[in-house]
Amino acid sequence: MMMETQRIPIVRLSGKLIVSIQTALSDTVVDRLQQDVAAACEKGDARGLVVDVSGVDVLDSYITRSLRDLAVMARLMGVETVVCGLRPAVAMTLVEMGMELPGVRTALNLDRALALLDSLQPEGLPHDLAGEGDEWEGEA
């Protein structure tokens, strides 16, 4: 009998995908999360992704690298990503281990992450039109 891999929910809110990790991460859970986020990004209606790690006590090098890869993958699919909620002890451990998240935006908490994503939207465009390309010239 095969066990179903634990899944982390992906919530859609105002054109953004929100992933709130409230459990210990294993390699298989984070691999599944990457697949699920890629599938959610593929639908094309998300303009931002927030990965909230406030519920995570430990991030090892593999999980940290996987979260970075998740953010890069989403950006390649046109979805800006912000990682938020790093606990001070986790942040200090990552620095001590020499782990960095180059190219990944971070924020203190979910509110600031959502505000950061909103600030990345071109001014005056509704969330569902922002980032559609060069065709948008202003008023119709």
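This is a predicted model: local features need pLDDT of at least 70, side-chain atom pairs count only at pLDDT 80 or more; totals for chains, interfaces and linings use all residues.

Reply: Accessible areas here come from the Shrake-Rupley method with a 1.4 Å probe, and for residues only the protein chains shown count as cover. On that basis the protein has an accessible surface of about 8,500 Å², and carbon and sulfur atoms hold 54% of it.

Residues are numbered from 1 along each chain as its sequence is written, and side-chain values use heavy atoms, with hydrogens and water left out.

The pLDDT, the predictor's confidence in each residue from 0 to 100, averages 85 over the protein, with 83% of the residues scoring at least 70. Residues 127-140 have a pLDDT below 50, and this stretch has 14 contacts in the model beyond near neighbours in sequence. Contact means heavy atoms within 4.5 Å. Of the protein's contacts with a separation of 6 or more, 76% join residues 24 or more positions apart.

Now the layout. Four helices and five strands make up the secondary structure; helices (H or I, at least four residues) and strands (E, at least two) are DSSP runs, numbered from the N terminus. Along the sequence they follow the pattern β-β-α-β-α-β-α-β-α. Buried residues are 36% of the 140 in the protein, where buried means under 20% relative accessible area, exposed over 50%, and partly exposed in between (1.4 Å probe, protein chains only).

The close look is at α1 and α2. Two packed helices are described by the angle between their axes and the distance between the axes. For α1 and α2 the angle is about 5° and the axes are 10 Å apart. Axes are lines fitted to C-alpha atoms, for helices over the stretch in contact, and angles run from 0 to 180 degrees between N-to-C directions. The two helices are therefore roughly parallel to each other; angles under 35 degrees count as roughly parallel, over 145 as roughly antiparallel, 65 to 115 as roughly perpendicular and the rest as oblique.

Which residues meet between α1 and α2? From α1 come D27, V30, D31, L33, Q34, V37, A38 and C41, and from α2 come Y62, I63, S66, D69, L70, M73 and A74.

Leaving aside neighbours within four places in sequence, S66 is in contact with V30 and Q34. M73, also found in α2, touches Q34, V37 and A38 when residues up to four places away in sequence are not counted. M73 and Q34 are 39 residues apart along the chain, yet their C-alpha atoms are separated by 8.6 Å.

Over on α1, D36 is buried, with a relative accessible area of 13%. Its contacts, not counting residues up to four places away in sequence, are R7 and I10. E42, also in α1, counts as exposed because its relative accessibility is 64%.

How does the pair connect with the interior? In soluble globular proteins, nonpolar side chains tend to be buried together. A nonpolar core is a set of buried Ala, Val, Leu, Ile, Met, Phe, Trp, Tyr and Cys residues joined through side-chain atoms within 4.5 Å. The largest has 27 residues, of which I21, L25, L49, V51, L59 and L67 touch the most other members. At least two residues of this core come from each of β2 (16-20), α1 (27-42), β3 (48-52), α2 and α3 (88-96). The most come from α1, which gives six. Apart from this core lies another, of eight residues, including V50, C84, A113 and L114.
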